[in-house]
Amino acid sequence: MEVIARGAEAVLYLSDGVVVKHRIRKSYRSPELDEMLRTTRTKREARLLALAKRAGVPAPVVLDVDLEEKKLCMSFIRGEKLSRLVDGMEEEELVRVFTLAGELAGRLHRSGIIHGDLTTANMLLSGKRLHLIDFGLGEVSRSLEAAGTDLLVFRKCVRSTHFNHEELIMDSFLSGYRRSFEQAEQTIERMLGIERRGRYFEHRG
Ligand SMILES: Nc1ncnc2c1ncn2[C@@H]1O[C@H](COP(=O)(O)OP(=O)(O)O)[C@@H](O)[C@H]1O
Ligand SMILES: [Mg+2]
């Protein structure tokens with residue numbers, strides 16, 4: 001058993017070539033709430049991973065779900081987190097990869113899938129392919145607000161993590177997004193609206 005990541009929520013390890021995402025107990029939550037959250041997120045992640053694949057978005061294959069143990073087994077993606085690759089990429093490669101990322105986000109939204117944590121740490125680049133992972137905070141929704149929020153999470157990630165390439169990344173991402181999602185324009189508008197509202201409340205706050 002080889003641990004591959006220890007996040008805030010889960011420990012991920014390799015077991016017989018398969019990735020196990022084990023959501024561990026959090027002692028700062030009440031036991032009932034903790035149990036409920038770990039079950040819901042495990043279930044949700046399994047369901048959304050399967051839906052994402054059906055929507056044409058590369059993602060790990062769900063192999064098993066154990067709701068008692070809060071364990072999700074999925075196929076191992078040989079690759080690297082996009083967040084760690086950005087700084088070493090040529091402009092041309094950035095354009096290609098982020099256009100693809102936007103296209104995948106558009107495919108999700110077109111199918112009513114909200115990722116919930118759309119960041120470059122949740123995108124794995126494997127050769128030329130980009131896989132999306134970490135759907136535990138996602139949902140199925142057709143609302144503009146949900147999709148706009150998804151986009152804003154991505155934008156905030158790019159602003160804070162990849163600020164030296166912000167424009168190139170956002171332009172590429174949104175062009176891919178427009179390519180695969182008919183309601184891209186409205187959704188982008190909504191993202192900007194949510195951002196303005198956020199600023200307004202921050203200033204009042
Ligand atoms: N199917 C997978 N194949 C390969 N690596 C994975 C896979 N799933 C997760 N990882 C690795 O584990 C890390 C954490 O997984 P993730 O699902 O994002 O959990 P967290 O909620 O802790 O962020 C990822 O950033 C990635 O490096
Ligand atoms: Mg993650």
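**Close-up views of a predicted chain**

**View 1. Helices α3 and α4 are roughly antiparallel to each other.** Angles over 145 degrees count as roughly antiparallel, those under 35 as roughly parallel, 65 to 115 as roughly perpendicular, and the rest as oblique. Here helix α3 (residues 144–161) packs against α4 at about 155 degrees, with the axes 9 Å apart. Each axis is a line fitted to C-alpha atoms, for helices over the stretch in contact, and angles run from 0 to 180 degrees between N-to-C directions. In passing α4, helix α3 makes a right-handed crossing. For handedness, the near helix is turned from the far one by less than a right angle, anticlockwise for left-handed and clockwise for right-handed. On the α3 side, the contact is made by Phe154, Arg155, Val158 and Arg159, and α4 brings Glu166, Ile169, Met170 and Phe173. Sorted by class, this contact has five nonpolar, no polar and three charged residues. The classes are nonpolar (Ala, Val, Leu, Ile, Met, Phe, Trp, Tyr, Cys and Pro), charged (Asp, Glu, Lys and Arg) and polar (the others, Gly among them).

A word on the model and its labels: this is a predicted model, in which local features need pLDDT of at least 70 and side-chain atom pairs count only at pLDDT 80 or more, while totals for chains, interfaces and linings use all residues. Residues are numbered from 1 along each chain as its sequence is written, with chains lettered from A and ligands numbered from 1 in the order in which they are written.

View 2. Helices (H or I, at least four residues) and strands (E, at least two) are DSSP runs, numbered from the N terminus. The C-alpha atoms fill a box of roughly 45 × 40 × 30 Å along the principal axes. A compact globule of 205 residues would have a radius of gyration near 17 Å, and the chain agrees because it has 17 Å. That radius is taken over C-alpha atoms, and the globule rule is 2.2 Å times the number of residues to the power 0.38. Buried residues make up 34% of the 205 residues. A residue is buried if 20 or more other C-beta atoms lie within 10 Å of its own, exposed if 12 or fewer, and partly exposed in between, with C-beta atoms placed from the backbone. Of the contacts between residues at least 6 apart in sequence, 67% join residues at least 24 apart. Two residues are in contact if their C-beta atoms, placed from the backbone, lie within 7 Å.

**View 3. Helices α2 and α4 are oblique to each other.** The axes of α2 (residues 91–110) and α4 (residues 166–180) come within 6 Å and cross at roughly 40 degrees. The crossing of α2 past α4 is right-handed. By class, 11 nonpolar, seven polar and five charged residues take part in the contact of α2 with α4.

**View 4. Glutamate 166 sits in helix α4.** This residue counts as partly exposed because it has 14 C-beta neighbours inside 10 Å. Setting aside neighbours within four places in sequence, glutamate 166 is in contact with Val158 and Arg159. Arginine 155 is 11 residues away from glutamate 166 in sequence, with 8.6 Å between their C-alpha atoms.

**View 5. Aspartate 117 lies in the loop between β7 (113–114) and β8 (123–126).** With 17 other C-beta atoms within 10 Å, aspartate 117 is partly exposed. Beyond its neighbours within four places in sequence, aspartate 117 is in contact with Asn122, Asp134, Leu137 and Val153. Isoleucine 133 is 16 residues from aspartate 117 in sequence and 9.3 Å from it in space, C-alpha to C-alpha.

**View 6. Lysine 70 and aspartate 134 have positive phi values.** Most residues other than glycine have a negative phi. Lysine 70 has phi near 60 degrees and is found in the loop between β4 (62–66) and β5 (71–75). Its 22 C-beta neighbours inside 10 Å make lysine 70 buried. Aspartate 134 has phi near 65 degrees and a place in the loop between β9 (129–132) and β10 (139–140). Aspartate 134 also counts as buried, with 24 C-beta neighbours inside 10 Å.
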